[in-house]
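Hello,

Here is the structure I promised to pass on. Please open it first, then read my notes below.

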Amino acid sequence: MAKSPQEEHPVKAFGWAARDKSGHLSPFHFSRRATGEEDVQFKVLYCGICHSDLHHIKNEWGFAMYPMVPGHEIVGEVTEIGSKVRNFKVGDKVGVGCIVNSCRSCDNCENDLENYCPKLIPTYSSINQDGTLTQGGYSDIMVSNEHFVVHIPDSLPLDAAAPLLCAGITTYSPLKYFGLDKPGMHIGVVGLGGLGHVAVKFAKAFGVKVTVISTSLGKKDEALGHLGADSFLISKDEEQMQAAMGTMDGIIDTVSAFHPLLPLIGLLKSHGKLIMLGAPDRPLELPVFPLLAGRKIIAGSGIGGMKETQEMLDFAAKHNITADIEVIPVDYLNTAIARLEKADVKYRFVIDIGNTLKHT
Ligand SMILES: [Zn+2]
Ligand SMILES: [Zn+2]
């Protein structure tokens, strides 16, 4: 049983929490553990609002733990380090993404794939090794084992870099792993939201030709003009879809709502790969015959390991890649969540924790 977060730890912390599945967020006093030997403690400056925060606070995935301080796109400045910390010093700009611990000894962990460790500990709405609830970045202070902390390169603005810790690595990792990062390739990106818009940026930086696939014309100018996609395909336009059949080496599908896979499989060349990143709340239909005809693959991918997360940030710094964000004060949180629910944001809300989180 989780211990009460208000009384277990010596370090006073303050943030905004959801108390039940209404998802309403309000000010919340809790505590963090004292900085352990291998821990880094940092002052949170910005935290992105990921779409999964929305699912979690309303318990739409069924494993919410309240009170819940959401947030796993966290950046800030180191205030204290443990005696055995080697890679960080006070004053460093750092980030924590979706995970704050793992077993460190399974095959996945030993291969820098902590994200696939069966015992990974998510940054919030989970149980720490000491039995207390994990709490995320909509708060003033974070403490994490240094292995799960990354450096934010100096050239990246902290606010626009925050979403890279989830949206960034979630799209970078599959592009690399599935070999969709080769110049001259052609990939599709389905859904132009928090994940999709970063996927376009990474793919373009790899030298890949990118087609954005969307249900409506609304995002066409944005995709082509601002994000630099090469073409735009309306998935409901059968003529356009027909013309694009068999042209893509891979597709990054970021849509978390129920949607048909058949048209997407059709867009793939032989040996093409459809990579699912969204998490629909009910199973999609899998048409098998069109997979056989062309030896096509449908696969999934979830965030990335710590080594690759740092690699992604360094790559982003080199290629000037950040998320497009709308920075908000903490007291705008509930409005932002409501807007996110209607997809009314380009493309990520980031909470200005450092300047606007006021103790009450
Ligand atoms: Zn996320
Ligand atoms: Zn492990």
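Start with Tyr 347, which sits in the loop between helix 11 (333–341) and strand 17 (348–352). A cis peptide bond joins Lys 346 to Tyr 347. Omega there is about -15 degrees. Keep in mind that this is a predicted model.

There is also a cis bond between Tyr 66 and Pro 67, with omega at about -5 degrees. Pro 67 belongs to the loop that runs between helix 1 (51–57) and strand 4 (74–81). Why list these bonds, and the phi values that follow? Most peptide bonds are trans, and most residues other than glycine have a negative phi.

**Positive phi**

Arg 104 has a phi near 70 degrees, a positive value in a residue that is not glycine. You will find Arg 104 in the loop between strand 6 (99–101) and helix 2 (107–110). Is Arg 104 buried or exposed? Arg 104 has 12 C-beta neighbours inside 10 Å, so it counts as exposed. The cut-off for exposed is 12 or fewer.

Asp 112 also has a positive phi, near 60 degrees. Its loop lies between helix 2 and strand 7 (121–122). With 14 other C-beta atoms within 10 Å, Asp 112 is partly exposed.

**Helix 10**

Helix 10 covers residues 306–318. Its 13 residues, at 1.5 Å each, should span 18 Å. The end C-alpha atoms are 19 Å apart, which agrees.

Which residues of helix 10 are buried? They are Met 306, Glu 308, Thr 309, Met 312, Leu 313 and Ala 316. Viewed down the helix axis, these buried residues fall within an arc of 160 degrees, so they line one face of helix 10. An α-helix has 3.6 residues a turn, so residues three or four places apart point the same way. The buried residues of helix 10 pack against strand 9 (150–151) and helix 4 (167–177).

**Domains**

The protein chain is divided into two parts: domain 1 (11–166 + 324–356) and domain 2 (167–300). Their centres, taken over C-alpha atoms, are 28 Å apart. In the contact between them, 12 residues of domain 1 meet nine residues of domain 2.

UniProt, in an unreviewed entry, places the feature "domain: Enoyl reductase (ER)" at residues 23–351. Over residues 23–351 the chain is 26% helix and 26% strand. The end C-alpha atoms of that stretch are 17 Å apart.

**The core**

The largest nonpolar core has 102 residues. Which members touch the most others? They are Cys 47, Leu 164, Ile 187, Val 189, Ile 251 and Ile 351. Strand 3 (residues 39–49) gives the largest share of this core, seven residues. Where does the core lie? Domain 1 and domain 2 both give residues to the core, so it lies between them.

Take a look at Ile 187. Leaving out residues up to four places away in sequence, Ile 187 touches Leu 180, Ala 203, Val 208, Val 210, Met 248, Asp 249, Gly 250, Ile 251 and Ile 252.

Best wishes

Note on methods: Residues numbered from 1 in each chain as written. Chains lettered and ligands numbered in written order. Predicted model: local features only at pLDDT ≥ 70, side-chain atom pairs only at ≥ 80, totals over all residues. Core = buried A, V, L, I, M, F, W, Y, C linked by C-beta atoms within 7 Å. Buried ≥ 20, exposed ≤ 12 C-beta atoms within 10 Å, placed from the backbone. Helix = DSSP H or I, 4+ residues; strand = E, 2+ residues; numbered from the N terminus. Domains from an automatic or database assignment. Contact = placed C-beta atoms within 7 Å. UniProt positions renumbered as here; feature names shortened; annotations may be inferred. Expected span 1.5 Å × (residues − 1). Arc of directions from axis to C-beta.
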